[in-house]
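Trainee: Hello! Could we go through this structure together, one question at a time?

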4 protein chains.
Amino acid sequence: MNRLPRDAEHDYTRAMAKARRDMVAQASGADLTHVGSFSFEPEVLPGNLEGFSGVAQVPIGFAGPLLVNGEHAQGEFYVPLATTEGTLVASYNRGMRLTHAAGGILSTVIDDAMQRAPCFVFGDARAARAFGQWVDRNFEAIKAKAEETTSFGRLRNIEQYAVGKMRFLRFDFTTGDAAGQNMVTRATRHACLWMQQQGIEGLEHFALAANLDTDKKHSPLNNLHTRGKRVVAEVTLPAHLIEAVMHTTGKALYAQRQLSNMGSLLSGSVSNGAHYANGITAMFIACGQDVANVAESSAGFSYGELKDNGDYYISITIPSLIVATCGGGTGLPTQRECLEVLGAHGKDKVLKFAEIVAATVLCGELSLGSAIVADQWVSSHERLGRNRPE
Amino acid sequence: MNRLPRDAEHDYTRAMAKARRDMVAQASGADLTHVGSFSFEPEVLPGNLEGFSGVAQVPIGFAGPLLVNGEHAQGEFYVPLATTEGTLVASYNRGMRLTHAAGGILSTVIDDAMQRAPCFVFGDARAARAFGQWVDRNFEAIKAKAEETTSFGRLRNIEQYAVGKMRFLRFDFTTGDAAGQNMVTRATRHACLWMQQQGIEGLEHFALAANLDTDKKHSPLNNLHTRGKRVVAEVTLPAHLIEAVMHTTGKALYAQRQLSNMGSLLSGSVSNGAHYANGITAMFIACGQDVANVAESSAGFSYGELKDNGDYYISITIPSLIVATCGGGTGLPTQRECLEVLGAHGKDKVLKFAEIVAATVLCGELSLGSAIVADQWVSSHERLGRNRPE
Amino acid sequence: MNRLPRDAEHDYTRAMAKARRDMVAQASGADLTHVGSFSFEPEVLPGNLEGFSGVAQVPIGFAGPLLVNGEHAQGEFYVPLATTEGTLVASYNRGMRLTHAAGGILSTVIDDAMQRAPCFVFGDARAARAFGQWVDRNFEAIKAKAEETTSFGRLRNIEQYAVGKMRFLRFDFTTGDAAGQNMVTRATRHACLWMQQQGIEGLEHFALAANLDTDKKHSPLNNLHTRGKRVVAEVTLPAHLIEAVMHTTGKALYAQRQLSNMGSLLSGSVSNGAHYANGITAMFIACGQDVANVAESSAGFSYGELKDNGDYYISITIPSLIVATCGGGTGLPTQRECLEVLGAHGKDKVLKFAEIVAATVLCGELSLGSAIVADQWVSSHERLGRNRPE
Amino acid sequence: MNRLPRDAEHDYTRAMAKARRDMVAQASGADLTHVGSFSFEPEVLPGNLEGFSGVAQVPIGFAGPLLVNGEHAQGEFYVPLATTEGTLVASYNRGMRLTHAAGGILSTVIDDAMQRAPCFVFGDARAARAFGQWVDRNFEAIKAKAEETTSFGRLRNIEQYAVGKMRFLRFDFTTGDAAGQNMVTRATRHACLWMQQQGIEGLEHFALAANLDTDKKHSPLNNLHTRGKRVVAEVTLPAHLIEAVMHTTGKALYAQRQLSNMGSLLSGSVSNGAHYANGITAMFIACGQDVANVAESSAGFSYGELKDNGDYYISITIPSLIVATCGGGTGLPTQRECLEVLGAHGKDKVLKFAEIVAATVLCGELSLGSAIVADQWVSSHERLGRNRPE
């Protein structure tokens, strides 16, 4: 067994990256020329990756202009989409053309919280209940403790969930412009240690997490109570535009919405959207987000209304959009550039970024929904997505 | 409103990519130097992206060696992980060290199917029921039709789901080494058009999809009936190794498993895993997968057994792992290189790749689970994930 | 600790019932006069209850006539509803008046299966997979074995669900006019013992049930694959009738349907109906059904369509309606009388009964839905449901 | 079409009940002798039923003594179970014997709330968000308004759920000893009318309910936030008792718990219990509860721990147990008698009743769980449940 080379002192160098590529290339027989082609110095990477060896080059296309009427994002945006799936950029682009013609998209962040949910296990359910009451009474002290470890995180509230002799606390923080998962884990741990030091009667066991957060997977709990930002994007499409740009009608889109709701309810799906994940993932890769959060961020709720004059109102709600404009991968070279294209890098930008993501998702829903209804779905993939296996 | 430059004839060139970057840079004031730094010719991209303008450079580290005892993947692998999240590579690496010492991971693909689920709407429920019977009787003819459009796709069976006057058919295909979403959409549409030509009594409306597939989102239906590959990875860890490598015990891991199950059940989560999404996403970006499929692929089921001697058996099941070794982004330069590192590019490789992904996920579950139990979780992020927002 | 009196030989007598009431009355100080007032001989009860001591007298009202256009139920029915909830009978009655005027309700049983889902645990996932293939190959033999224990049960198919090293088999039986839970448990056990006698390679453990059935609780699995009868009831309501009888419009009902769908999706509910449980429970108590099956039977899917002329189409689907017209409580005195009111006692009647239940549920959905929309909901409870606590 | 006879003035009489039975008997050819045999005067029924015509006589057996260590229920209870399902009473009885020998069951009500969840629809998501903030600021005034209509109901808090341009408010009331659904509907409506009178900016539409309550069906929302009482029952069983009474071991029960958790997770079930519904339904029918609430009340969470000495700890949690000791059917003759057997009729008794129900459920889980593990499940049904269809 060959260990990958590491240099305890100077690991983030082109030389060490090459040393690892060489070893992997030799072991596997693969050529790593393109992986080894990157345009930045590895020294920017500590905190983002261990054992840096090269890069994945994911092609980027821009869709737009996307016209957003947000509280933070105002005007036209060219949206960077990093993807290898043919038709994706074209499809979102079509939705952007339609909503631009309709006067743009109203985009609104309606909630904001990041969580860690420790589990306290007691001798019996009564001790667990008493602890829950203690937590309510001591919220301010817990909050003060939690916030000692962070300059941005603010403990907003603590949800409580009870089962058996367990009490799950779901700590809800606002986290500034960071996604905040590490921040809230640290702060929650710190507060929980302090709580334990106060002497919790009947406590048998403590776990800093036990799947109720719900982190890196989806749940109705996230749908109900938000994880990250809860964002709504909405637009009313004039009948004539739906026909001119999408070759269908509001009535047809509305009928399709009914069937899609039944399909979602029947399958028990966490989402009644068509493909929120596509646009979100492409923006996340381009913009240095934690892409694994697609697990949570891809779920949501689409809602339509057919107006008497044939106009069609549609909204999408993303209850758990986990985004950042500081920290994580947002400061890396290409990632930062993409955020800057949106004017959304750095401090006080995360709500703006969230609004743009939601507006983008809405465009994708309109485009795919229309393609299904107008039976253009397969033909557009035939035309643009010819990357079939041979 | 400025449209992005397109060249109807020669759009996949460095010059056109630059033209688009220039326009976006000018509109936004952003510098796109790094985005413009790529090591391949854009002419490889048609079918993968419209309006190519540059690349996201996502840093890659290798974890390993991962010791896999699969039916297709045998031996040691260095797993390419493209991520910007500190500690991720180190954490998976630790799990790989543990399972290597334990003799490697048994990894098995136990099911394989990709779907499209059209909805047929009838005058009433009886007509819908009669249609369902007709589909059963005419399966062979439908299969023959569906397969006319594809050289790899094979229609395995058609699931039927009934609600009201609707009949949803969920066409299950095997798709060779491709993920196959486009393939099955095309084939399903072709078969459905033929079915409609036969004259379907009472048919009022048809939709090629209406959220029952379930595509780019998760559902209990996917958990039950697979989407992509259903893969299991399992290992039994000797008690002494858990202690030596993870600083905890099988008993502690098992107790944590109980709490995690309660957290999952209580939140209604589609998954009782800790963070399958992390490893899957990092491999998907590196290896040219459709990363948006993290929505489906990130859910799964962890199961543990504590042996009388303190050894700990653990398995993870990914019911909807959507992977490809042909088509999509698998042929792009860095993506292909990463697949080749695993010996998993091209034909007859997709099951091997699936086995490696599942084995990797198992390592991540062990590592994070142990960190929570041993209270090393926050400290490791302190040490490795210092990319905090300033 | 005082044990309740039992007589090993002659336990089902008025005297023994009285002996038990006397003891309970003495221990608790309660008077059991009404509980002791029953009109039948206890000797009818063996197989239905141990320790017979008296009866609950649940008041019955009839709603109707309900006009049903079923394949088995044809014409007008007076539906017995045993309940203590004010307004329930009146509300269902109103829906029956409306649908009668609309020409009656089309009611159709579209699927039929009762299950037991044993779990086979193996040494590893590969052995579990091999077993699954063995089951497929040996279906006919398994079926023959299973049917040895029953004269009515027929093994229709075996669903397979795989997770880790487990293989769940979900045996689907038709069970004639019985609900069939005991029948299928016995038959499944018999078949599984035989399977184990054949020597199942790698089998470590067997459990006759482990919550996948899903029995006496609800699940998306039941929604997808039916437990009991899957029944649809549907009707198109002329616009003028909605207004005359319900004081609202199809348009208003349709708008409410949209909101209800969102409420269901957001809460993750297993059902998007309003109160299927009310009518089902009242019929179940009256007609000697296993009322605990309300857990499964109460979930379902409502679907509406607004026609251009203002007419409103509505369907309800009950995916897991567990009913019987033979066996269980169906032969007891009042229960049998109520079934006979519907012409639905005994052999070859269960589909008829299922159709009537579904038609009844539809009436309740229309009535409550209209009451909400017309803001008559509270006022009708004020008028009819004055059983407030004092 | 023949209407059922009604007497506007004197409808609750033996004569009118007979008139209706006669008409139904004539129309259907059924004999309604037993249905017509009841021991009370119909004049007790207004508020409980319209069109009283007779009764369902549901046989009652007592199980017990059940030994409860509650905060309200203390000591031994004989539990009235109204059912027609053979083995049910015997099975619960066996669990009661076991837990009695183990020192009784700790039973605790840990939360208490009944809801109505109106939906406010706005012009856009921003208006909906502003309304949510207004509700927070004006909680005291809303509470005062809501409580004007009720002498028992107290508005505890208002949960808010946002999707698109909708804001769902989930009003949480405590309702004294009543179940309280009508009480909270009336109070919520009253408060909402007042809110609308204050002028809600941007309000387009209002619905008093739209499936988020979640009423008469189950949902993860109910699991998380309680509907009715949230009750836990728990016991630690000495190893020797498990063997003596149940013929199995704690280890075997624990292994079965693991499989049951997997079955529940895989099926997406709202519950990981075995058959909570059985005991709950039988108590609900006997004790005059709204039996349709079995839809919500039957879901829950079982949790086990195997001790080093072979003892087995088990808890069950019912998150949405909807019970009453005043109002509804609790005052009817047999129903009241059964509540009195438990010392649980009338004021200040509802928590006691909830504790007894939960303790009963725990006994049923132990009994069925043990039967499955010891393979006595089918044989006990063979012995006691011989009510097979002939």
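Mentor: Gladly! Let's start with a term: a salt bridge is a side-chain nitrogen of Lys or Arg within 4 Å of a carboxyl oxygen of Asp or Glu. Please keep in mind that this is a predicted model.

Trainee: How far apart are N and O in the salt bridge of C:Asp348 and C:Lys347?

Mentor: The cut-off for a salt bridge is 4 Å between the nitrogen and the oxygen. The side chains of C:Asp348 and C:Lys347 meet that rule. Both C:Asp348 and C:Lys347 are exposed. Their N to O distance is 3.9 Å.

Trainee: How many salt bridges does a search of the whole structure find?

Mentor: Some salt bridges share partners, and in this way A:Arg116, A:Asp213, A:Asp215, A:Arg227 and A:Glu296 are joined into one network. Over all chains, the search gives a count of 92.

Trainee: Which helix of chain B holds both B:Asp22 and B:Lys18?

Mentor: These two residues form a salt bridge, with their closest N and O atoms 2.8 Å apart. B:Asp22 counts as partly exposed because its relative accessibility is 39%, and B:Lys18 is partly exposed too, at 42%. They sit four residues apart, about one turn of the helix, and the helix is helix 1 (residues 14-28).

Trainee: Is C:Arg170 buried or exposed?

Mentor: C:Arg170 pairs with C:Glu159 in a salt bridge of 2.8 Å, N to O. The pair links distant parts of the chain, with C:Glu159 in strand 5 (residues 154-163) and C:Arg170 in strand 6 (residues 166-174). C:Glu159 has a relative accessible area of 10%, so C:Glu159 is buried. For C:Arg170 the relative accessible area is 0%, which means buried.

Trainee: Let's move on to the interfaces. How much area do chain B and chain A bury between them?

Mentor: The size of an interface is often given as the accessible area lost when the parts come together. The contact here takes 135 residues from chain B and 135 residues from chain A. Carbon and sulfur atoms carry 63% of the buried area, and the total is about 10900 Å².

Trainee: Which strand gives the most to the side of chain B that touches chain A?

Mentor: Across this interface there are 58 residue pairs in polar contact. By class, that side of chain B has 65 nonpolar, 50 polar and 20 charged residues. The strand giving the most, with 14 residues, is strand 1 (residues 52-70).

Trainee: Which residue of chain B meets A:Asp375 in a salt bridge?

Mentor: The rule finds two salt bridges across the interface of chain B and chain A. In the one with A:Asp375, the N to O distance is 2.7 Å, and the partner is B:Arg189.

Trainee: How much area is buried between chain A and chain C?

Mentor: This time 18 residues of chain A are in contact with 18 residues of chain C. In chain A, the residues that lose the most area to chain C are A:Met262, A:Leu265 and A:Leu266, together 33% of what that side buries. Carbon and sulfur atoms give 66% of the buried area, which is about 1800 Å².

Trainee: Which helix of chain A supplies the largest share of the side that touches chain C?

Mentor: The interface has three residue pairs in polar contact. Helix 6 (220-225), helix 8 (250-267) and strand 9 (301-306) of chain A each supply at least two residues of that side. The largest share is 10 residues, and these come from helix 8.

Conventions: Residues are numbered from 1 along each chain as its sequence is written. Chains are lettered from A and ligands numbered from 1 in the order in which they are written. This is a predicted model: local features need pLDDT of at least 70, side-chain atom pairs count only at pLDDT 80 or more; totals for chains, interfaces and linings use all residues. Side-chain values use heavy atoms; hydrogens and water are left out. Contact means heavy atoms within 4.5 Å. Buried area is the accessible area (1.4 Å probe) that two parts lose on being put together, summed over both. A polar contact is a pair of N or O atoms within 3.5 Å; within protein, one must be able to donate a hydrogen and the other to accept it, and residues adjacent in sequence count only if both atoms are side-chain atoms. Ala, Val, Leu, Ile, Met, Phe, Trp, Tyr, Cys and Pro count as nonpolar, Asp, Glu, Lys and Arg as charged, and the others, Gly among them, as polar. Buried means under 20% relative accessible area, exposed over 50%, partly exposed in between (1.4 Å probe, protein chains only).
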